[in-house]
Amino acid sequence: MTVGVLALQGAFIEHEKMLARLGADSFEIRQKSDLDRSFDRLIIPGGESTVMGKLLRELDMMDDIRKLITDGMPVFGTCAGLILLAERIENDPAVHLGTMSIEACRNAYGRQLGSFFTEDKFNGKTIPMTFIRAPYISKAADSVEILSVTDGRITAAREKNMLATAFHPELNSDTSVHEYFLNM
């Protein structure tokens, strides 16, 4: 199995390290021609959603990635990746990939000082969760399976081939979320 990791900015290296621990091959997607490589899954890491969206447009990758997702390629978006996948962003008129039937609330926990660590359930298992300027899912369609709720807010969900987390599982040692993704 080969996973393409969007590497325009953000926490992509940490995802690559987690995938290597699980025995999955990965490579970095930095330009449109990288999408021509053969891969089975895609990770959209945390970072700055506005910057990532702008770069995806400038590098002419937005439509190609959207097509991969709508054609059924499993995709995992963390933090900014969740925002890029969302059909709507509560406090931002922008829509990026817009493939997942969720509404995201950007920077929902405040600025960098609002970042925090906790342990909570993901798909029924208690795992460590690191939130950095994190969003949350403010609305989800009936087709969306809620996988995690933290302090009353949806922080992980799956719809068909799309997985999204508001937290950064790649920044902790627990491999549960990445294992879940690789088994989708």
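Start your tour by selecting Cys79, which sits in the loop between β4 and α4 (helices are DSSP runs of H or I with at least four residues, strands are E runs with at least two, and both are numbered from the N terminus). This is a predicted model, where local features need pLDDT of at least 70, side-chain atom pairs count only at pLDDT 80 or more, and totals for chains, interfaces and linings use all residues. Residues are numbered from 1 along each chain as its sequence is written, and side-chain values use heavy atoms, with hydrogens and water left out.

Cys79 has a phi near 55 degrees, a positive value in a residue other than glycine. Cys79 is buried, at 5% relative accessible area (buried means under 20%, exposed over 50%, partly exposed in between, with a 1.4 Å probe and protein chains only).

Next, select Asp151, in the loop between β10 (145-150) and β11 (153-159). Its phi is also positive, near 50 degrees, but Asp151 is exposed, with 67% relative accessibility.

Now colour helix α3, residues 62-70. Which of its residues are buried? They are Met62, Ile65 and Ile69.

Finish at Gly72, which follows α3 and has a positive phi near 110 degrees.
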